[in-house]
Amino acid sequence: SQSNVSYANVIAPIISARCNISTCHGNSGTQSNLTTYESVKQRASDIKARTASGNMPKQPKPGGSLTADEIRLIACWVD
C-alpha cells in the first residue's frame, strides 16, 4: 500500500544509491538533478514512467539497475 512507502525511508535511499551519482542525476550538469525531495516530487510521474519502462537508470552506471521491487516501490510512492 502506498501509505507504507515513505519518501525518506524508502524512496530517498533508492534514488541516492541508483540515481544521485555524479555521472547521472547527482550533478548540476545537463541531467536533471534529483538530490532534493522537491526535485524528485516535481518529476515523480516521469521517474515512474522511465523506471517502469527500463529507461532509467541507464546502464552501465555505478549505481546498478533497479530491482523489480524498487521499481514497484517507486510506482507505489508516485501513485
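Let me start with confidence. The model is predicted, and the mean pLDDT of the protein is 79, with 75% of the residues at 70 or more. Among the helices, confidence is lowest in helix 1, where the mean is 87, and highest in helix 4, where the mean is 92.

Next, the overall layout. The protein has 4 helices and 0 strands. Read from the N terminus, the order of elements is α-α-α-α. There are 79 residues, and 34% of them count as buried. The accessible surface is about 4500 Å², and carbon and sulfur atoms make up 51% of that. One more figure concerns contacts in the protein with a separation of 6 or more: residues 24 or more positions apart account for 54% of them.

Now the core. In soluble globular proteins, nonpolar side chains tend to be buried together. Here the largest nonpolar core has 16 residues. Which of them touch the most other members? They are Val-5, Ile-11, Ile-15, Val-40, Ile-47, Ile-74 and Trp-77.

Setting aside neighbours within four places in sequence, Trp-77 is in contact with Val-5, Tyr-7, Ile-11, Tyr-37, Val-40, Lys-41 and Ala-44. Trp-77 is also one of the buried residues of helix 4, and the others are Glu-70, Leu-73, Ile-74, Ala-75 and Cys-76. What do these buried residues pack against? They pack against helix 1, helix 2 and helix 3.

Let us move to helix 3. Its buried residues are Ala-44, Ile-47 and Thr-51. Looking down the helix axis, you find these buried residues within an arc of 60 degrees, so they line one face of helix 3. They pack against helix 2, which is residues 37-42, and against helix 4. On the face turned away from the buried side, helix 3 carries the exposed residues Ser-45 and Ala-52.

Ala-49 is also in helix 3. Is Ala-49 buried, exposed or partly exposed? Ala-49 counts as partly exposed, because its relative accessibility is 45% and that class lies between 20% and 50%. Ala-49 and Ile-71 are 22 residues apart in sequence, and their C-alpha atoms are 9.8 Å apart in space. Just after helix 3 comes Gly-54, which takes a positive phi of about 85 degrees.

Last topic: charged pairs. Side chains of opposite charge can pair when their charged atoms come close. How many salt bridges does a search of the whole structure find? The search finds 3.

The pair I will take to begin with is Arg-43 and Asp-46, whose closest N and O atoms are 2.2 Å apart. Arg-43 is partly exposed, with a relative accessible area of 22%. Asp-46 is partly exposed too, with a relative accessible area of 30%.

Then there is the salt bridge between the side chains of Asp-79 and Lys-48, at 2.5 Å from N to O. This pair links distant parts of the chain, since Asp-79 is in the segment after helix 4 and Lys-48 is in helix 3, 31 residues apart. Asp-79 is exposed, with a relative accessible area of 54%. Lys-48 counts as partly exposed, at 26% relative accessibility.

The remaining pair is Asp-69 and Arg-72, whose side chains meet in a salt bridge at 2.7 Å, N to O. Where do these two residues sit along helix 4? They are 3 residues apart in helix 4, so about one helical turn separates them. Asp-69 is partly exposed at 41% relative accessibility, and Arg-72 is partly exposed with a relative accessible area of 47%.

To sum up, the predicted model has 4 helices and 0 strands, a largest nonpolar core of 16 residues, and 3 salt bridges. That is the end of the talk.

Methods: Residues are numbered from 1 along each chain as its sequence is written. This is a predicted model: local features need pLDDT of at least 70, side-chain atom pairs count only at pLDDT 80 or more; totals for chains, interfaces and linings use all residues. Side-chain values use heavy atoms; hydrogens and water are left out. A nonpolar core is a set of buried Ala, Val, Leu, Ile, Met, Phe, Trp, Tyr and Cys residues joined through side-chain atoms within 4.5 Å. Buried means under 20% relative accessible area, exposed over 50%, partly exposed in between (1.4 Å probe, protein chains only). Contact means heavy atoms within 4.5 Å. pLDDT is the predictor's confidence in each residue, from 0 to 100. Accessible areas come from the Shrake-Rupley method with a 1.4 Å probe; for residues, only the protein chains shown count as cover. The arc is that of the directions from the helix axis to the C-beta atoms. A salt bridge is a side-chain nitrogen of Lys or Arg within 4 Å of a carboxyl oxygen of Asp or Glu.
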